[in-house]
Amino acid sequence: MTNPSTSSSRTAPAERQPDPRDVGATRWPERIDWEELGPELVAAWGFPRGRFQPEHMEILGPTRSGKTYFQAVILQMRAQARQSHIVVLATKPADATIVAMGWPIVTSWPPPEGKKYRQIIYWARRPSLDDAGLAKQHTKVKELLEALFVKESNTILVWDEVAYIEHILKLSDYVTMYQREGAGLGITNVFNTQRGARVSRYVHSESSWTVCFRPKDADDAKRIAEILGDRKHYIEVLNTLDPLKREFLILHSLTGESYISHIPEGTLKGIESSQETQRKGHRTV
Ligand SMILES: Nc1ncnc2c1ncn2[C@@H]1O[C@H](COP(=O)(O)OP(=O)(O)OP(=O)(O)O)[C@@H](O)[C@H]1O
Ligand SMILES: [Mg+2]
């Protein structure tokens, strides 16, 4: 993730002195400030060998750990830096963190009146709790997935809580297809989930970037450490993450670089007002 265009106070990965906690080639991650890591990550994401190529990202962590917040911040930065075309697929009844992104929200796909948006939130709600409601939501999500899976799609697609899309909406085949073939269409997948153990293995194996918040218990830590690679090493690393600060570990599979950081409070503007709107029971869409 070394970006020559940003001046960094850090030691370049190649020059870094070994840490006693390194395990072979698996290095103990450095803690660095978000102000430094964030811009470097945005610059490096999608340029694995200095040339553009979609790189998928997965974000793992227990409920309320900060996955959607991290996702919101990184996508806003990416939109600003590169004017990327981004679609956030939301399926929950409500989510103040997604609303706080401030992007237009549509509830049907394609967006009404043939409008085109650079960044958009597609809120595919379940209209009722019964099976018919679930079937309608399944159809709504599928409509988006079929529409975006085209040549030169050049889209970042955000799957907010992918375990729900796989297991409740039964759209695992689409997740696999997007992970295996999406990059060839210019699609970058961003997945987040509370349930790392329950999502398709392609979510893990085809993601270049993995972001993990502190697991909720020892079992969860074991499973996530397995996803990351060296189990013993990553259990130790994950146990050092501070959940109060919402620290996360980020790992780039191509280079093996890993860092620990956290996003300072107040970074995502508009979160208080969107939380207030939800508290008052106003519908967001
Ligand atoms: N870095 C942060 N700074 C300040 N507040 C944060 C930060 N990260 C998350 N929060 C707050 O914590 C709460 C939960 O965050 P978020 O919605 O990102 O959780 P999540 O991991 O996506 O949860 P879920 O799995 O339930 O969707 C929100 O109120 C959000 O505003
Ligand atoms: Mg979330």
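Guide: Helices (H or I, at least four residues) and strands (E, at least two) are DSSP runs, numbered from the N terminus. Glu161, for instance, sits in the loop between strand E6 (156-160) and helix H5 (162-168). The model is predicted: local features need pLDDT of at least 70, side-chain atom pairs count only at pLDDT 80 or more, and totals for chains, interfaces and linings use all residues. Residues are numbered from 1 along each chain as its sequence is written, while chains are lettered from A and ligands numbered from 1 in the order in which they are written.

Visitor: What is the phi of Glu161, and is the residue buried or exposed?

Guide: Most residues other than glycine have a negative phi, and most peptide bonds are trans. Glu161, not a glycine, has a positive phi of about 60°. A residue is buried if 20 or more other C-beta atoms, placed from the backbone, lie within 10 Å of its own, exposed if 12 or fewer, and partly exposed in between. Glu161 counts as buried because it has 22 C-beta neighbours inside 10 Å.

Visitor: Where does Arg64 lie, and why is it classed as partly exposed?

Guide: Arg64 belongs to the loop between strand E2 (56-60) and H2, and its phi is also positive, near 65°. It is partly exposed because 13 other C-beta atoms lie within 10 Å.

Visitor: Which residues does the cis peptide bond join?

Guide: The bond links Trp109 and Pro110, with omega about 0°. Pro110 is in the loop between strand E4 (105-106) and strand E5 (119-123).

Visitor: How should I read the pairing of strand E9 and E10?

Guide: Two strands pair if DSSP finds at least two bridges between them. E9 (residues 248-252) pairs with E10 in the antiparallel sense over four bridges, and Phe248 has Ser261 in E10 as its bridge partner. The two strands form a hairpin with five residues between them, where Gly256 in the turn has a positive phi of about 75°. Strand E1 (residues 30-31) pairs with E10 (residues 258-261) in the parallel sense over two bridges, with Glu30 opposite Tyr259.

Visitor: Which residues come nearest to ligand 1?

Guide: A residue is near a molecule or strand if its C-beta atom, placed from the backbone, lies within 6 Å of it. Of the 14 residues around ligand 1, the nearest are Gly66, Lys67, Thr68, Tyr69 and Thr97. Helix H2 (residues 67-82) supplies the largest share of this shell, three residues.
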